[in-house]
Amino acid sequence: MTVQVIDKPIGKKHKLIGYWHNFVNPAGCPIPLDQMSNAWDIIDIAFAENDRNSNGTVHFTPFEKDIRSNCPPIDPVKFKSDMQALQAQGKVFVLSLGGAEGTITLNTDADEAAFVTSLTDIIQQWGFDGLDIDLESGSNLVHGSQIQARLPRALKQIEQNIGGNMVLTMAPEHPYVHGGMIAYSGIWGAYIPLINELRDTLDLLHVQLYNNGGLPNPYEPGSAPEGSVNMMVAHAKMLIEGFDLADGTRFAPLRDDQVAIGLPSGPQSANSGQAPIGNIINALDCLTKGTGCGTIQPSKTYPNFGGVMTWSINWDKYDGYNFSQPIGDKLTQMNQGN
């Protein structure tokens with residue numbers, strides 16, 4: 001029997017994607033979902049957590065308390081009803097796995113089964129539209145690892161379990177993807193086998209263009225600087241047009257609607273990589289219309305380009321909606337054909 005997987009439509013063509021964090025940081029307390037900017041189209045709830053006993057089981061609980069703060073808990077009943085109300089407006093909620101300190105344990109068949117069962121239950125209990133894979137250095141995702149081999153299979157099984165319409169996004173740091181051009185071992189290019197296994201069901205790949213220095217690319221000597229139009233355009237061009245990997249193989253192109261730019265929302269939300277709003281707007285124009293480019297241009301325009309992801313919704317609110325307002329307005333104009 002073959003299972004026909006039908007992707008759930010994700011609404012708008014060009015989307016604003018943001019991470020909502022379920023923990024206290026210098027941006028403040030976790031914010032009730034009904035206090036977010038209305039600009040977000042896809043909301044990544046960050047993060048689901050692996051079981052401390054490391055048997056593959058994943059947990060998710062809305063923020064309860066923090067020993068270093070007196071932040072109020074997020075009421076789980078209100079969280080769920082707020083999420084349903086926003087979903088009724090067409091917004092998409094995905095549960096993110098990973099983060100800077102996140103780990104996922106997938107070493108054995110038993111781990112994999114517990115991972116699949118627990119995440120299927122969480123998605124169905126809370127009503128999430130899907131999952132986001134944001135595994136970073138703490139996750140031990142390297143070439144040849146069990147997690148690299150098992151995760152795509154587990155995600156396909158979860159999608160089947162929830163009815164074949166899971167929204168799937170990924171937010172790797174750029175060495176894990178584009179870095180495969182430089183080397184193809186360890187973390188370098190380690191996401192590429194995942195992407196290749198899941199490219200038929202992957203909705204959005206929004207690589208983090210921050211905290212990892214400039215972007216080496218095939219189109220210029222050296223690296224495109226963080227925050228530059230060239231870095232945003234080179235990143236998208238490599239993914240949508242394909243690029244040669246250090247092991248002699250080639251990364252096959254993704255569709256333009258599967259690719260989005262990933263940036264920090266403001267001055268404090270990442271250590272580096274903040275991009276001036278004007279550069280982001282120029283990069284979007286370059287990718288979709290062929291105008292506003294730096295020295296790197298797409299070989300043809302990408303009219304269905306996926307949009308812009310940012311860390312984070314909480315920082316954006318803290319900074320007075322300095323990211324979601326102008327970039328949300330730009331994406332709205334693009335969706336209106338301007």
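The torsion about the S-S bond of Cys 286 and Cys 293 is about 100°, so this disulfide (a pair of cysteine sulfur atoms within 2.5 Å) is right-handed. Its two sulfur atoms lie 2.0 Å apart. Before going further, please keep in mind that this is a predicted model, in which local features need pLDDT of at least 70, side-chain atom pairs count only at pLDDT 80 or more, and totals for chains, interfaces and linings use all residues. Residues are numbered from 1 along each chain as its sequence is written, and side-chain values use heavy atoms, with hydrogens and water left out.

Let us stay with this first pair for a moment.

How many disulfides does the count come to? The total is 2. The other one links Cys 29 with Cys 71, again with 2.0 Å between the sulfur atoms. The angle about this S-S bond is -80°, and the link is left-handed. Cys 29 sits in the loop between strand S1 (15-21) and strand S2 (42-50), while Cys 71 sits in the loop between strand S3 (58-59) and helix H1 (76-88), so the pair ties together parts that are 42 residues apart in sequence. Helices (H or I, at least four residues) and strands (E, at least two) are DSSP runs, numbered from the N terminus. Cys 29 is partly exposed at 29% relative accessible area, whereas Cys 71 is buried at 10%. If you number the bonded cysteines of the protein chain in sequence order, the pairing reads 1-2, 3-4.

Strand S1 is also the place of Trp 20. Is this tryptophan buried or exposed? Trp 20 is buried, with a relative accessible area of 0%. Setting aside neighbours within four places in sequence, Trp 20 is in contact (heavy atoms within 4.5 Å) with residues including Pro 30, Ile 31, Ile 45, Phe 79 and Ile 313.

Now back to Cys 286, which takes part in the contact between helices H5 and H6. The axes of H5 (residues 229-241) and H6 come within 8 Å and cross at roughly 35°; axes are lines fitted to C-alpha atoms, for helices over the stretch in contact, and angles run from 0 to 180 degrees between N-to-C directions. H5 contributes Val 229, Met 232, Val 233 and Ala 236, and H6 contributes Asn 279, Ile 280, Asn 282, Ala 283, Cys 286 and Leu 287. These residues divide into 8 nonpolar, 2 polar and no charged, where Ala, Val, Leu, Ile, Met, Phe, Trp, Tyr, Cys and Pro count as nonpolar, Asp, Glu, Lys and Arg as charged, and the others, Gly among them, as polar.

Helix H6 (residues 277-289) has another partner in H8 (residues 324-335), and their axes come within 10 Å and cross at roughly 20°. The two helices are therefore roughly parallel to each other (angles under 35 degrees). On the H6 side the contact includes Ile 277, Ile 281, Leu 284 and Asp 285, and on the H8 side Pro 326, Ile 327, Lys 330, Leu 331 and Met 334. The residues of this contact divide into 8 nonpolar, 1 polar and 3 charged.

Technical notes: Angles under 35 degrees count as roughly parallel, over 145 as roughly antiparallel, 65 to 115 as roughly perpendicular and the rest as oblique. Buried means under 20% relative accessible area, exposed over 50%, partly exposed in between (1.4 Å probe, protein chains only).
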